[in-house]
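Please have the sequence and the model open as you go.

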Amino acid sequence: MTMEVLNILLPPRTPWLTKTSSVSHSSYDNIYRYFGRCSTGSSVPLSKSVKPLSKSNFSPLASQMLLQSPKSGHGCSWVIDSSRCPDTLPNNGRRQCPVHSVFPTKPAEVSSVQDLFEFICSGPLLHKLGLTSEMVAESIDKWLEYGLYLCRLFQLNELYLTIPQKARLYHYYIPVFLWCEKQISHHSSIFKDGEDVTPLVIGFSAPQGCGKTTLVFALDYLFQVTGRKSATISIDDFYLTAEDQAKLRKNNQGNALLELRGNAGSHDLSLSVQTLTALSKLTKEGMKMKLPRYDKSANNGRGDRADPSTWPEVEGPLTVILFEGWMLGFKPLPVESVTAVDPQLETVNKNLESYYDAWDTFIKAWIVIKIKDPNCVYQWRLQAEIAMRADGKPGMSDEEVMDFVSRYLPAYKAYLPSLYSEGPNGSDPEHLLVIEIDEGRNPILS
């Protein structure tokens, strides 16, 4: 687990959802004093085509809402109430930049569920997902339920969400979860009655630091609390052992891209195939297996595979497998294309030829998180180091962060253009969701 979610794993300190007596529709406005108008008093702009939400869309879910919750959580920049976050270490001469400059961050009181409905309908992903305001209105209970689940997970006060927090939940995590549900439904429909339905593998290809681990963490939680078993796996879990990484380094002396873990060639592809194949067979109750994990702190930060006794166990029947990684879906390119970026990529590019059969062929639905500038990775990594230092943990210096990121940037510059223009290796456009995010890791219209 990365720094993005280290501090959001504590259980809520107070109950969150309780059973209460039913209430009349006329009581909803008072019960839903919850998310809504900006601190300026103006509501989120809404298309004229969006009709007001009818109270006939509401159900007794409102009677289950407890209007007390844990205080806001910590760990992710969007979770923290502060409106500013330095993009570098202090006194380094770099500018201080707002992480969420596009959103006000003062907590916003809400007058009614109508405000939340309008906010949801203003989200940048709705059109991409084929959702209309009418569809949102019909499923508003589900949006509210999922929103409350996520408030519990991230220890947020649902009465006073900042705009970045509200946007992260209702413009990002919940729409993506609804898309995943649709993909699972399509996947299940392929099987005949009586057949074992294998879990759907959804691949998440996203640069480091962009929030993919937290996204997957939230999705996994939503699957669990809605009664579906899921498993999460990262390409990091398939890194070579320290011994094999040392051999790779020795066999490629002078190639900085293969000196440390990260690029194509530094993964145990046989372990990948073995793990993904076994996970796909977890279709019945009682079937269990352990998931490999990698300890990045071992060997003074050079890392090593974690002791198998510490690997987490998953049990079937699995509905979905969430598989994430910074280079998932990268396709080998002509040699002249990659060497023009960095001559050291020639070997990495050759190694990449084996990755389709080990990773991509298992993935039937894809989510690609798109960024405009790979250099954002440096800023995001630096923010993570600042957060580590704030928590009293050792963090890398500016120079160490630059060296760390520099080993990944050539691959980003070489392979991201084709990933964005053509999709991941072997992907089906009907089962591909591309989400463009800004420097604050928020989805934007594209």
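**Exercise 1.** What span should the 14 residues of helix H6 (residues 212-225) have at 1.5 Å a residue, and how far apart are its end C-alpha atoms?

*Solution.* Before starting, note that this is a predicted model, in which local features need pLDDT of at least 70 and side-chain atom pairs count only at pLDDT 80 or more, while totals for chains, interfaces and linings use all residues. Residues are numbered from 1 along each chain as its sequence is written, and side-chain values use heavy atoms, with hydrogens and water left out.

Helices are DSSP runs of H or I with at least four residues, strands are runs of E with at least two, and both are numbered from the N terminus. The expected span is 1.5 Å times one less than the number of residues, so H6 should span 20 Å, and this agrees with its end C-alpha atoms, which are 20 Å apart.

**Exercise 2.** Determine how far H6 is enclosed, and by what.

*Solution.* Take buried as under 20% relative accessible area, with exposed over 50% and partly exposed in between (1.4 Å probe, protein chains only). Twelve of the 14 residues of H6 are then buried, so the helix is largely enclosed by the rest of the structure; among them are Lys-212, Asp-220 and Tyr-221. Using contact in the sense of heavy atoms within 4.5 Å, the cover over these buried residues includes H4, H5 and strands S1 (200-205), S2 (230-234), S7 (320-325) and S8 (365-370).

**Exercise 3.** Characterise the packing of H5 against H6.

*Solution.* Axes are lines fitted to C-alpha atoms, for helices over the stretch in contact, and angles run from 0 to 180 degrees between N-to-C directions. The axes of H5 and H6 come within 10 Å and cross at roughly 60°. Angles under 35 degrees count as roughly parallel, over 145 as roughly antiparallel, 65 to 115 as roughly perpendicular and the rest as oblique, which makes H5 oblique to H6. The contact involves residues including Tyr-173 and Phe-177 of H5 and Leu-215 and Leu-219 of H6.

**Exercise 4.** Repeat the analysis for H4 and H5.

*Solution.* Helix H4 (residues 140-153) packs on helix H5 (residues 163-189) at an angle of about 115°, with the axes 10 Å apart, and H4 is therefore roughly perpendicular to H5. Among the residues making the contact are Trp-143 and Leu-150 of H4, and Tyr-173 and Phe-177 of H5.
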